Amino acid sequence: MTEQALLSLFRTLMREFRLKGELEDYRVVKVGNINDTYFIGTRTEEGKRKDYTVQRLNHKVFQNPVQVAENAFAVTSHMERKLLAVGQTDIRRKVLHVYRKEGGEFFHRSEEGDYWRVLSYVYDSRCVNHADEEILYGTGYAFGEFQRNLSDFPAHTLHHTIPDFHNTPKRFADLRTSGERDVCGRREEVEEELAYLLSMEGYVSLLEDLHGEGKLPLRVVHNDTKCNNVMFDAETRTPLAVIDLDTVMPGYVAHDFGDAVRFACNTASEDEEDLSLVSLNLRGYQRLAEGFVRPLLGIITESEFNTLPDGVLIITLELAARFLKDYLDGDVYFKCRKDRHNLIRARCQIALAKDIAAKLEEMRTLLKSLSVQK
Ligand code: GN1
Ligand code: MG
């Protein structure tokens, strides 16, 4: 989009979403593999500055944008009510706000058919991609607290915005199919990765199997718990709001814990090409686990607790399968920022999964000895 088109769009959004003042500036947010995000700065007649988050929702990925928005609205309203009732101040820094138009609509539809929305901006905060121990603890705590705040939310009222989102056996079946179809002729190049992942197929259904046996409850979970989805106070570094609520759906606690560890406790980035740098930081895992479990004591069941380390391995395998599938399909889902980006991501996640598998027993022992338990 040209600069002029963007500015004109932002002004339209301000009008439609009844945001006061004049547009002053904007920034492009480069994080995220699915949606397009901007921050816009406005100033009122009285000279007051106010910022907002503006997003174009990827409606190829989220085929029912209104349902995505309804979920986010319901969940944020619930958390806001709950936190205000216990005297939370500065609520806008703790819970995201979903703006609506005069008639209650969540989106502006552009001429091109895109879906644009407005969310609040978390003041004096920062987003962290590479976490130190304090941030790891804070990340765990923020997602544990998120789950606690939603533990009394009626999960059945949420829409399944992406059906089978963390249904790992289904993700593996889809990978197998993409390997068989081989629409881009890339299969030969990934034979080794494909064989490794499919060799783990028996293990990845563990959570679904336990759920089927009535041993693992479904809860409202975030489903995308990367540490860059928690905003931290720029000064004190305490966790503030959890953002990116597009995938909030019923799911398992182990997925949220697992995805947080997968992303933040990798000693390298999610798409590191030098696989010798990729490993699971056990000390970081322990800190993240302490933060996560603390707000959930008395809420999660023993079987949920015991499956947390499996969640780390399962979700890492799942991401590897999703990236590899997208590579086989011709890069149709995730944004690619370099050549073979999905293959690079898949290889990195496989290297991480192998290290996690080797450390799984140690991870179980560490979890059982957490200081929060005593
Ligand atoms: C996508 O766009 P982003 O970064 O919020 C993806 C997640 C993946 C993640 C991997 C809707 O999230 O599931 O874990 O990339 N979101 C969707 O970085 O598929
Ligand atoms: Mg996301």
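This is a predicted model: local features need pLDDT of at least 70, side-chain atom pairs count only at pLDDT 80 or more; totals for chains, interfaces and linings use all residues.
Q: Asp90 isn't a glycine, so what is its phi?
A: Most residues other than glycine have a negative phi. Asp90 has a positive one, near 55 degrees.

Q: Where is Arg340, with its positive phi of about 55 degrees, found?
A: Arg340 is not a glycine, yet its phi is positive. It's a loop residue, and the loop runs between two helices. They are α10 and α11 (341-368).

Q: How many helices and strands does the chain have?
A: α10 and α11, on either side of the Arg340 loop, are part of the tally. The chain has eleven helices and ten strands.

Q: What radius of gyration does the chain have, and why does it agree with a compact globule?
A: The C-alpha atoms fill a box of roughly 60 × 55 × 40 Å along the principal axes. For 374 residues, a compact globule would come out near 21 Å, so the chain agrees with its own 21 Å.

Q: Which residues are the closest to ligand 1?
A: Ligand 1 sits in the largest pocket, and 16 residues surround it. By class, that shell has seven nonpolar, three polar and six charged residues. The closest are Asn33, Lys226, Glu270, Arg322 and Tyr333.

Q: How much of the accessible area of ligand 1 does the protein cover?
A: Start with the contacts: polar side-chain atoms of Lys226 and Tyr333 each come to 2.6 Å from an oxygen atom of ligand 1. For Arg322, a side-chain N or O atom is 2.7 Å from a ligand oxygen. On its own, ligand 1 has 440 Å² of accessible area, and the protein's share of cover is 95%.

Q: Which helix gives the largest share of the shell around ligand 1?
A: The shell holds 16 residues. Three of them come from one helix, spanning residues 308-329. That's α10.

Notes:
Residues are numbered from 1 along each chain as its sequence is written. Chains are lettered from A and ligands numbered from 1 in the order in which they are written. Side-chain values use heavy atoms; hydrogens and water are left out. A residue is near a molecule or strand if one of its heavy atoms lies within 4 Å of it. A polar contact is a pair of N or O atoms within 3.5 Å; within protein, one must be able to donate a hydrogen and the other to accept it, and residues adjacent in sequence count only if both atoms are side-chain atoms. Accessible areas come from the Shrake-Rupley method with a 1.4 Å probe; for residues, only the protein chains shown count as cover. On a 1 Å grid over the protein atoms alone, a cavity is a set of points where a 1.4 Å probe fits but cannot get out, and a pocket is an open set with protein on both sides within 12 Å along at least five of seven lines; lining residues have an atom within 4 Å of a point. A molecule sits in a cavity or pocket if more than half of its atoms lie within 2 Å of its grid points. Helices (H or I, at least four residues) and strands (E, at least two) are DSSP runs, numbered from the N terminus. Ala, Val, Leu, Ile, Met, Phe, Trp, Tyr, Cys and Pro count as nonpolar, Asp, Glu, Lys and Arg as charged, and the others, Gly among them, as polar. The radius of gyration is taken over C-alpha atoms; the globule rule is 2.2 Å times the number of residues to the power 0.38.
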